[in-house]
Amino acid sequence: MKNWISAALLFFVSMTVFAQETLTIQVDITNRKGDVVYLREGRKNIQEIKADDKGVFKSTFAIKEGMYTFFDGNEYAQLFLKPGYDLKMTLDATKFDATLQFSGTGAKENNFLAAQTLIDQKIDFDSLLALDETNFNKAIEEKRNADTARLEKAALEANFATLFKNSLEANLNGLKQYHTQIMANKKLNNTAAPNFVYENHKGGTTSLESLKGKYVYVDVWATWCGPCRAEIPFLKELEKSYHGKNIEFVSISVDVDKDHEKWKTFVTEKELGGTQLFADKNWNSDFIKAFGIESIPRFILIDPKGVVIDADAARPSNPKLKTQLDGLVK
């Protein structure tokens, strides 16, 4: 009897500890895109949840308290998770953010995050980033105050509130850095573009000086850059649209020297058009440094006299670029 009681007590204690260290999450998705969803911590998948025979995603697993990302294979949502939560998510995959709702333990914090996403989607970031320094800083402070007031009014868990404030500050600081870079780029407009002399994929070298008399649309990219590759189909369409007109489309790769052959093969296999160049010192090339390029893709528009029109031009996928070019190129 004594051994039986001890075993039962041990089982009870172990199950209690297990419950304290784990959470249960259930996801009901209308119009789901696939049979698997993921929870990520940073870029790492920490849990893969497969749909059951009724199409419901449900799992119980160990977790540490913190911010995570839910991914349905197409779209994302930020979640706050901790041991002991029994959380249910519902959404329509065709209207992901607008329909995302939570119930159960932890619902208040996660519904707050879902609502925050909808609020942030209403921000016109292009207009925000176009503001001068004074008005930009004013707008940032207004956003900080509004988001903080919403948080305080919601009266959520203290640890969640701390994580949310940290995330808010990180996002606002990121916007500030981006705005600072945009302001620096604007100072380069209407200045003479520095020359370059780079290896041409077709042989020999090409200089910016040799392209005077034409508008030059520069694409700074690399073979490893996903967003850069995503712009390639749009860039090809642009090249076709302006074929024979007074504009040169120049792509400058900042791949490192050891990837030189990879660049040559990529350009050939993908049948990239325009003028394909390889920067002499990748990120440390004088032309790249002159434009303060620290992230790619980056696009630059230069006029026939070699003067910078736009040091941070629109991407090929942005309809604004074609509107701009139509007003310039004949």
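I take contact to mean heavy atoms within 4.5 Å. For directions, I use axes as lines fitted to C-alpha atoms, for helices over the stretch in contact, with angles from 0 to 180 degrees between N-to-C directions. My helices (H or I, at least four residues) and strands (E, at least two) are DSSP runs, numbered from the N terminus.

**Ground rules.** This is a predicted model, so I kept local features to pLDDT of at least 70 and side-chain atom pairs to pLDDT 80 or more, while totals for chains, interfaces and linings use all residues. Residues are numbered from 1 along each chain as its sequence is written, and side-chain values use heavy atoms, with hydrogens and water left out.

**Entry 1, the first sheet I opened.** I count two strands as paired if DSSP finds at least two bridges between them. Four strands in the order β3-β2-β5-β6 make an open sheet with antiparallel pairing. β3 (44-50) and β6 are its edges, each with a single partner strand, so one side of each has no neighbour in the sheet. On average, neighbouring strands here are turned by 30° against each other, direction ignored. Between β2 (residues 36-41) and β3 I found 6 bridges, and Y38 has E48 in β3 as its bridge partner.

**Entry 2, the other sheet.** This open sheet has 4 strands in the order β4-β1-β7-β8, and its pairing is mixed. Its edge strands are β4 (56-62) and β8 (101-104), each pairing on one side only. β7 (residues 86-92) runs antiparallel to β8, joined by 4 bridges, and T90 stands opposite Q101 in β8.

Which strands does α3 lie across, running at about 150° to β6? They are β5 and β6. α3 (residues 107-121) also lies across β7 and β8, at about 175° to β8. I checked its length too: the expected span is 1.5 Å times one less than the number of residues, and the 15 residues of α3 should give 21 Å, which agrees with end C-alpha atoms 21 Å apart. Buried means under 20% relative accessible area, exposed over 50%, partly exposed in between (1.4 Å probe, protein chains only). Among the buried residues of α3 are A107, F112 and L113. Their cover includes β5 (66-71), β6 (76-81) and α6 (158-188). α6 itself lies across β5 and β6, at about 70° to β5.

A nonpolar core is a set of buried Ala, Val, Leu, Ile, Met, Phe, Trp, Tyr and Cys residues joined through side-chain atoms within 4.5 Å. The largest has 33 residues, and I25, F70, M89 and L91 have the most contacts inside it. Elements giving two or more residues to this core include β1 (22-30), β7, α3 and α6. Leaving aside neighbours within four places in sequence, M89 is in contact with residues including I25, F70, L79 and F102.

I count a side-chain nitrogen of Lys or Arg within 4 Å of a carboxyl oxygen of Asp or Glu, and the total comes to 18. K64 pairs with E41, closest N and O atoms 3.5 Å apart. K64 is exposed at 54% relative accessibility, whereas E41 is partly exposed at 35%. E157 and K82 also meet, at 3.0 Å from N to O. E157 sits in the loop between α5 and α6, and K82 in the loop between β6 and β7, 75 residues apart.
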